[in-house]
Amino acid sequence: MAYNTWSWSQIRQDLRESYESKIFWDDDEALVAWNEAMYVWNWLTAYWMTRATQLTVANQRLYVLPASLTYRTRMTFNEQPLTSTSREDLNNTRYQWRQDTTTTGAPVPTRPMMWAPIDLYLFYLWPADAAGGGTITVDGVAATPVLVEDGDTVDLGDELFTILLGYALHALCFKKGGPWFQATMPLFQAFHSEAAEVNGQ
């Protein structure tokens with residue numbers, strides 16, 4: 001698949017050219033529809049991925065992820081995988097887990113083994129790294145790019161660009177409703193079909 005860098009001015013023009021009748025939306029509405037298409041695509045497929053790293057602090061168990069991540073998919077400590085758990089499971093299996101560090105002694109491991117998400121940005125590390133200075137690496141879904149100005153750009157494959165363009169056209173036709181909305185329904189269905197295929201991979 002060929003990739004290109006698309007500016008908002010190019011995308012806006014392609015939206016106009018892909019609609020065969022008189023345009024009934026303004027530029028602000030087109031921008032909202034395009035950004036929505038990218039947002040929904042990222043939400044369904046985790047398309048924009050990123051990696052964040054941070055160092056552990058001695059004996060600290062609660063950490064905050066950077067805001068550039070909207071969803072975590074994998075986490076490691078010093079390149080060793082961490083197992084996802086929950087605060088409730090930790091409470092039920094080891095009631096004093098909040099006091100555990102890597103120097104507590106058996107049966108507590110000598111390196112962090114689990115992470116328990118609290119919300120999108122907060123998580124617990126168990127056991128806490130007693131020494132500090134270890135590296136937590138988080139792979140996850142990046143915040144969806146948002147285009148605002150004419151010169152703002154996004155890198156997309158040609159096929160995906162066409163799929164997103166179809167979604168944006170369908171969203172714009174929601175304003176008119178009736179036959180216009182029905183006429184673009186195949187574009188909306190193609191969007192979801194492609195998202196399901198990408199998600200399945």
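## Aromatic pairs and a buried asparagine

Y124 is buried, with 13% relative accessible area (buried means under 20%, with a 1.4 Å probe and protein chains only). The structure is a predicted model, in which local features need pLDDT of at least 70 and side-chain atom pairs count only at pLDDT 80 or more. Residues are numbered from 1 along each chain, and side-chain values use heavy atoms, without hydrogens or water.

A search of the whole structure finds 13 aromatic pairs; rings of Phe, Tyr and Trp (its six-membered ring) pair if their centres lie within 6.5 Å, and planes under 30 degrees apart count as stacked, over 60 as edge-to-face and the rest as tilted. Two of these pairs are tabulated.

| Pair | Centre distance | Plane angle | Class |
|---|---|---|---|
| W6 and F161 | 3.7 Å | 5° | stacked |
| W97 and Y124 | 5.0 Å | 80° | edge-to-face |

W6 in strand 1 and F161 in helix 4 are 155 residues apart. W6 is buried at 13%, and F161 is buried at 5%. W97 is likewise buried, at 1% relative accessibility. The charged end of R98 sits over the ring of Y124, 5.8 Å from its centre (the criterion is NZ of Lys or CZ of Arg within 6 Å of the ring centre and within 35 degrees of the ring normal). Elsewhere, ring pairs join W41, Y167, F188 and F191 into a cluster.

N42 belongs to helix 2, residues 27–45 (helices are DSSP runs of H or I with at least four residues, strands runs of E with at least two). N42 counts as buried because its relative accessibility is 4%.

Notes. Buried means under 20% relative accessible area, exposed over 50%, partly exposed in between (1.4 Å probe, protein chains only).
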